[in-house]
Structures are given as C-alpha cells and as structure tokens.
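I opened the model to look up a few items and wrote each one down. The entries follow in the order in which I took them.

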Amino acid sequence: MVNLLDFDLDTLTARCEQLGEKRFRAVQLFRWIHQRGVSDFAQMSDLARSLRERLPSLARVAAPPVASEQASDDGTTKWLFDVGGGNAVETVYIPEPDRGTLCVSSQAGCAVGCRFCATGHQGFSRNLTTAEIVGQLWFAEHELRRRLGPAAGERAIDNVVMMGMGEPLQNYGALLPALRVMLDDHGYGLSRRRVTVSTSGVVPMIDRLREDCPVALAVSLHASDDALRDQLVPLNRKYPLNELLEACVRYLEAAPRDFITFEYCMLDGVNDTLEQARALVRLVRDRVACKLNLIPFNPFADSGLRRSPPERVAAFAGVLQDAGIVTTVRRTRGDDIAAACGQLAGEVRDRTRVSQRIARGTITVVPAAPARR
Ligand code: SAH
Ligand code: SF4
C-alpha cells in the first residue's frame, strides 16, 4: 500500500500509467489531494468510477498523526507529528500580516550536532520520508483553511521554510520530490522564491540542489572563521568556510533570488563582538551577494549558552549595515511554546550518540583572524 503523499506529479503519472490509466488522471488525483486536501478516494468525483474503486486497495493519502498542538500568544501554532518508533517531529505555522509561513522538519533529530541547537542536542534517529515532509504541509494547509476559512482558492500557507528539525540536505532523496510537490502548479503552486532550504553547509548537496531544483537558499554561518565554526557547526570540519562560500557563489547562478541568506545565531561572548562582525564583512563582502539574518539565540535546557544582549545585536548589525550588507534581526516568534528557531525538539530516539558528543564539548573562543589587506 503506497502513500500518495510520497509522489511528485511525475512519479504519480508513471504509477498511473502502470495501472493502465491515462496521464491526466494523475493530474486530477494530485489536485484532489494537494489542492483540495481530500484523502477519501470516494469523494474524488471526476475520477473514473473504476479507478475510484480500485484505489483504496492500492493506495492511501495520510500525513503522520498529530500527537499534540500548541498555540502561542502571538498566533504561532506548533504541531507535533508522531512518525512512529518513539519519534516525533515538529512543524510551526507563523502568521504574519502579509503572509503565512510554515516551518517544516526534514529529519527526526539531526546528525550535524550544532552546539546551540536543541534538535542537534537530541541526536539523530532517521530521515523523514517524502510523505512525512509533504504531510506536514498537506495537513497544516488544509487544517488552517478549515479554521481560517480563506476565500476559495486562497491559500493559508504561501511560504515554506525547511528550518524545522533536521538538516534537509542530509535527506536529499526525500527532500527533492517534496520540493517538487510544493512548487507544482497542480500541487501547492508556491514560487521558488517562497520555498527556502536552510542548510548548515552540505557543500555537494548545495550543488545538487542548484541543478535539480533551485529554490531560495539560506546558509547557517554563525561564525566568520573556521576555528570557531568548527566548534559551533561540526560539519565545518568537512566543508570549511572557503568551500562553502564557493558553493554559494555557484548557487547564485541558478538561484531564484539574487542573494543568499546567511543566518547567524547571536551567542553572548562567543560570536558577537564587533571584531567578529568586521571579520564577517571581510569574509562575505565582494564575494557572495547576500543578506544577513541575525537570530538572537533561543535558549533551551542545558545549552550552557546565552543570548547576546539586544545592544550587542544592534551594534553587530550596525557594522554589517555600514558595510552595505542588508541585515535583519529575526524577531522571536512562539518562544512561549518552544517553537522558536532551534528550540524544536520533538521526541527523538538517538541512534548515533550525537547527543553524547555534544554534551562533552566546550566552546573555546579563538579571537577572529586579524584584518588582511
Ligand atoms: N539544519 C538547518 C535548518 C534547521 S535550523 C540549518 O541548520 O540551517 C534553522 C535555523 O535556526 C538555522 O539557521 C539554525 O542555525 C538556527 N538555530 C538553531 N538553533 C538555534 C537557537 N537555539 N537559537 C536561534 N537559532 C537557532
Ligand atoms: Fe541540525 Fe540545523 Fe540544528 Fe545544526 S542547527 S543541529 S544542522 S537542525
């Protein structure tokens, strides 16, 4: 029994053809599922009756079950999806005046193990399937439409960010069809600029994404030198800053936006000095067209880290802005329900001991490299 949320339109078409069905049947089916949110084949009134009757024994349409829902005072909603085997992942809906954003998870846990991230501290259990990734959007979109009742044809979610639990580019095989479903005009019809993959820097997969499905790219930088980034984002030891920035330059050739978003989590006394801001300017300016998004650290239990004070964040942003780099400070949303960046933890059966490795590590702050002219 296959889950139709696992298929992009090309794959669904191929499957329909295998069943001896015409190609346009796949389009009809796909639209019922993703545009109308229907999972009961009997309701798909324009499908040939013979197909409607065959489908229940061959296929189903199912998102992972919702284990819980929490709503924040600011309107942010967080769902916990049970993905079986003691694992659960989180999805966050963030309403804004001009748009609705869904923050989607790609893995149960994460193997990268960043020091400042609650998901990283949990370790890694497994990759989500395409159906589990798409299922988060399918459920949220149609549930929100039922609740908010937007005018017919209007969607509730027009912006998807792959910034939930997990490193999307370490689950590329499932991510790619999911992105295609999001972009497909018969699916969610999101524009490439409004689907963002955020990565800690899996260089070869940045190149693959550029070729296969260039959507907006956010890269989690967090440090302006390799010594510090090695400690904050362990993946940096494999793909250091120079290689990462080169991959960003290559990505821009195909990107739907003419900049890369660099995310930078502001950690008190670790990466937030003015000298580090100047080093960041030297690193990226004249090299990668970019915008900087500063994220004040969102604390979680046992992180051993503190958020940079607002004055320091402002001063750091000032150095970047004075250098001509467009810089924004991300407003914290949903932190009262632990739905803010880096607070998503769900439930993860760590099978990799990532969490133990992180717990042992301490951060040694090395002064940023002196200016070279
Ligand atoms: N794995 C991907 C996407 C998920 S994390 C990545 O790392 O890019 C989404 C963003 O939240 C990343 O920029 C990440 O560095 C940031 N983040 C993680 N933990 C955080 C925390 N505790 N406070 C603030 N931002 C955090
Ligand atoms: Fe994984 Fe991203 Fe968290 Fe790092 S910040 S541990 S890559 S989810």
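Entry: Arg-49. I looked up its exposure and found Arg-49 exposed, with a relative accessible area of 59%; exposed is over 50%, buried under 20%, and partly exposed in between, using a 1.4 Å probe and protein chains only. Arg-49 belongs to helix H3, residues 49-58. Helices (H or I, at least four residues) and strands (E, at least two) are DSSP runs, numbered from the N terminus.

Entry: ground rules. The model is predicted, so local features need pLDDT of at least 70 and side-chain atom pairs count only at pLDDT 80 or more, while totals for chains, interfaces and linings use all residues. Residues are numbered from 1 along each chain as its sequence is written, chains are lettered from A and ligands numbered from 1 in the order written, and side-chain values use heavy atoms, leaving out hydrogens and water.

Entry: For Leu-29 I listed contacts (heavy atoms within 4.5 Å). Beyond its neighbours within four places in sequence, Leu-29 touches Leu-4, Leu-12, Cys-16, Phe-41, Met-44, Leu-47 and Leu-55.

Entry: helix H11, residues 310-322. I checked its length: 13 residues at 1.5 Å each should span 18 Å, and the end C-alpha atoms are 18 Å apart, which agrees. The expected span is 1.5 Å times one less than the number of residues. Buried in H11 are Val-313, Phe-316, Ala-317, Gly-318, Val-319 and Leu-320. These buried residues pack against E12, helix H10 (274-284), E13 and E14. After H11 comes Gly-324, with a positive phi near 85 degrees.

Entry: pockets. On a 1 Å grid over the protein atoms alone, a pocket is an open set of points with protein on both sides within 12 Å along at least five of seven lines; a cavity is a set where a 1.4 Å probe fits but cannot get out; lining residues have an atom within 4 Å of a point. Points are joined across faces, edges and corners, and a volume is the space filled by probe spheres set on them.

The largest pocket has a volume of about 990 Å³. Of its 37 lining residues, Arg-99, Val-161, Met-163, Asn-293 and Arg-330 are the closest to its centre. E13 gives the most to this lining, five residues. I counted the lining by class as 18 nonpolar, ten polar and nine charged residues. Nonpolar covers Ala, Val, Leu, Ile, Met, Phe, Trp, Tyr, Cys and Pro; charged covers Asp, Glu, Lys and Arg; the others, Gly among them, are polar.

The second largest pocket holds about 270 Å³. Gly-113, Pro-234, Arg-237, Arg-357 and Ile-358 are the closest to its centre among 14 lining residues. Helix H12 (residues 354-360) gives the largest share of that lining, three residues.

Entry: cavity. I found one cavity of 30 Å³ or more. The largest cavity has about 480 Å³ of space. Of the 30 residues lining it, Phe-116, Cys-117, Met-163, Ser-220 and Gly-342 are the closest to its centre. This lining has 15 nonpolar, twelve polar and three charged residues.
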